[in-house]
Amino acid sequence: MDAMTVASHSPLRAYLLEARYELLRLLRTPSFSLPTLLFPALFYLLFGVLLGSHRGGDVAARYFLATYGVFGVMGVALFGFGVSVALDREQGLLALKRALPMPPAAYLLAKTAMAMIFATVVSILLALIAVGLAGVALSPWQWGALLLVNVLGVLPFAAIGLWLGCLVGGQGAPAVINLVYLPMAFLSGLWVPLGMLPATLSQLAQLWPAYHLAQIALRVVGKDAGQPLVLHLAVLAAVTVVFGLLAWRRLARPA
């Protein structure tokens, strides 16, 4: 077998092709790509820039830059995994992929790469609005840290989305994802600061992984609640592992 044949059948090529086709598939699905890319930017423009200019100016713009970044990451991961996995199961595509001679992890790694690329685009759009329209000025390390938080923040919500995608059918997946996505975003202080919510809801916010990711992002811009960073990292790591294992157990079952 010559070198060209070996390269064409290499595991790396399989991973790259699967990631490429997953990205193309979702880019060609406007019902996914347009809302996940544009909604966080539009909400930030409305609440963080236009309305925020009357309620704290730069303070509000910085706060919502961090929280709407997390909001965008949640949508990318939950819908990118939850809905697409549910549809793949329902249509038999997941069973077909299991039968193909491809690395078992290529399917999930491709979806993870896709979600991280979309999270990067969301972060860039928010940064452009923050600099160009809200006059937000951050240091280079802060911009880089926000991007890193958003990209790696995909992981816990990808695990949750994957688990949900293993539980529900393709037709019901969007409704179920929204029942998780929207209340969690609100109760985690992503849309309005927790200080504006009733005290009970503010205390319960720590139950949600979105709260902990938002606190890390807010820490970068100096607007967090002052809790230990290790607490937020531990919660997010635990969510990723627990829901990832639950999803993997269901995926490992014979079709």
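Analyst: What follows describes helix α9, its surroundings and the chain that holds it.

This is a predicted model, in which local features need pLDDT of at least 70 and side-chain atom pairs count only at pLDDT 80 or more, while totals for chains, interfaces and linings use all residues. Residues are numbered from 1 along each chain as its sequence is written, and side-chain values use heavy atoms, with hydrogens and water left out.

The protein chain has 12 helices and zero strands. Helices (H or I, at least four residues) and strands (E, at least two) are DSSP runs, numbered from the N terminus. The C-alpha trace spans about 65 × 40 × 35 Å along its principal axes. Of the 255 residues, 44% are buried, where buried means under 20% relative accessible area, exposed over 50%, and partly exposed in between (1.4 Å probe, protein chains only). Contact means heavy atoms within 4.5 Å. Among contacts between residues at least 6 apart in sequence, 78% join residues at least 24 apart.

Helix α9 covers residues 173–187, 15 residues in total. From its first C-alpha to its last, α9 reaches 21 Å, close to the 21 Å expected at 1.5 Å a residue; the expected span is 1.5 Å times one less than the number of residues. Its buried residues are Ala173, Ile177, Tyr181, Met184, Ala185 and Leu187. These pack against α4 (58–91), α8 (154–167), α10 (199–204) and α11 (209–220). Just after α9, Gly189 takes a positive phi of about 85°.

Tyr181, in α9, counts as buried at 8% relative accessibility. Leaving aside neighbours within four places in sequence, Tyr181 is in contact with Phe71, Met74, Gly75, Leu78 and Phe79. On the α8 side, Leu164 is found in that helix and is buried, with a relative accessible area of 8%. With neighbours within four places again set aside, Leu164 is in contact with Val176, Ile177 and Val180. Ile177 is also one of the buried residues of α9.

Helix α7 (residues 140–152) has 13 residues and reaches 18 Å from first C-alpha to last, close to the 18 Å expected at 1.5 Å a residue. Its buried residues are Gln142, Ala145, Leu146, Val149, Asn150 and Val151, and their cover includes α4, α6 (106–132), α8 and α11. From Tyr181 to Leu146, 35 residues apart along the chain, the C-alpha separation is 21 Å.

For contrast, consider a loop residue. Ala225 lies between α11 and α12 (229–251) and is exposed, with a relative accessible area of 55%. Not counting residues up to four places away in sequence, Ala225 touches Tyr211 and Gln215.
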